[in-house]
Amino acid sequence: MIQHAVFLFATGAALLGFCEASSAFPCPPEGQILPCVCSLTDDTMELDCSAVQDETQLKEIFHTTPPFPFTHFTKFVMDNNQHVVKLENGVFNYITFDEIWITNGALKEMEQGSVEQSKGTLTKMVLHGNQIERFLMEDEPDMTAFIAFEFLNLNGNQVKVFPDIKSTTLKTFYINHNPITLIHNENLFRVPNLEDIDISDIGLIILETKLLSNHKKLQHINLSNNKLSIIQNTALIIQSPDLKDIDLSNNIIDDVEPGAFDTNNNGLTLNLEKNLLYTLNEDTWKPLIQAGVYLKLSDNAFGCGCDMKWAVAPPAGDNTDYISAMDGTCSSGNSFSSLDPDWYTNFC
Ligand SMILES: *[C@@H]1O[C@H](CO)[C@@H](O)[C@H](O)[C@H]1NC(C)=O
């Protein structure tokens, strides 16, 4: 019996010890940073300040004495905080972070000096679901000093002017679901090493033809859920050998000009689902399929008439299987793959 009790006690103490260890040294003392919570694993030390009551309290926590024993945290988190509207210069004092996650809150203004201390370490800023109108309160934020910065998510904010960011390290940029409507060619010239850009759902009406022409490392482009009606010649010629997909679904596209896309992106998937295309223009699509591009074309307005003969019943000697390179449906409901080549040979 006594043995049993000792065992339980030891187990309890061990468990308690384990729990405490997760916020123990080298975290700052719990009482000093409340209501922020520090958590620790072998290679991460995170600070979650979701529960701070206002900007003053947040600032005070980082300006308490004695100084925090360690000045570098892997991550700062503030989720669903409806009190902090502004992050002012110096708010984090001498503390640095690899990642800053401020999400689903009231944040509207973030001065560059609030994160400047982390310029040597910051890799990632996740800021979705806030009220941000201007990233770092600049129309042309210069992030060249942030030498490790690779990932920026501004999805679901109130950005109206597309931020003309300067950074050669930025790889991933999500600014979808903001009321932008307009992006000019030069707005993306200063982020030449982008790999993944999401500019979906921003009310974009016009796709300027040099917007992504100098980005040689692009892999993913998302332009879906916009108001594009035409893709002009050269508009999406991307000089990147790694390009994997361009999502143009859910626009109002009824015209894709020949030469709109490059024929050097082997393995590219183009998604044009949920648009208003009604003809399958040979000059536009044939060279792309021959170059190995896969086309997603469901939910358009295709009449599937003689304008598709080149694909359904190609002339003798052309052995390309065009139909297998497309996923599409006619407005009659027939899928492209169900179309009978004989109809086209006999009636066109
Ligand atoms: C593009 O963005 C939309 C949201 O606007 C999303 O639903 C879709 O999955 C994204 N496409 C890709 C390929 O990630």
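## Contacts and overall shape

Two residues count as being in contact if their C-beta atoms, placed from the backbone, lie within 7 Å. By that rule, 64% of the chain's contacts with a separation of 6 or more link residues 24 or more positions apart. This is a predicted model, so to speak of local features takes a pLDDT of at least 70 and side-chain atom pairs count only at pLDDT 80 or more, while totals for chains, interfaces and linings use all residues. Numbering runs from 1 along each chain as its sequence is written.

The chain has 7 helices and 17 strands; these are DSSP runs, H or I of at least four residues for helices and E of at least two for strands, numbered from the N terminus. The C-alpha trace spans about 90 × 60 × 30 Å along its principal axes.

## The core

The largest nonpolar core holds 86 residues, with Phe173, Leu270 and Leu295 making the most contacts inside it. Such a core is a set of buried Ala, Val, Leu, Ile, Met, Phe, Trp, Tyr and Cys residues joined through C-beta atoms within 7 Å. Elements giving two or more residues to this core include α3 (55–62), β9 (172–174) and β16 (294–297), and β3 gives the most, with 4 residues.

Setting aside neighbours within four places in sequence, Leu270 touches Ile246, Leu248, Phe261, Val293, Leu295 and Lys296.

## Helix α5

Trp285, Leu288 and Ile289 are the buried residues to look for in α5. They sit on the same side of the helix because they cover an arc of only 95° around the axis, judged by the directions from the helix axis to the C-beta atoms. The buried residues of α5 pack against β16. Just after α5, Gly292 takes a positive phi of about 95°.

## Around the ligand

Asn176, Ser200, Asp201, Asn222, Ser224, Asn225, Asp245 and Asp247 surround the ligand, each with its C-beta atom, placed from the backbone, within 6 Å of it. This shell has no nonpolar residues, 5 polar and 3 charged; here Asp, Glu, Lys and Arg count as charged, Ala, Val, Leu, Ile, Met, Phe, Trp, Tyr, Cys and Pro as nonpolar, and the others, Gly among them, as polar.

Notes:
A residue is buried if 20 or more other C-beta atoms lie within 10 Å of its own, exposed if 12 or fewer, and partly exposed in between; C-beta atoms are placed from the backbone.
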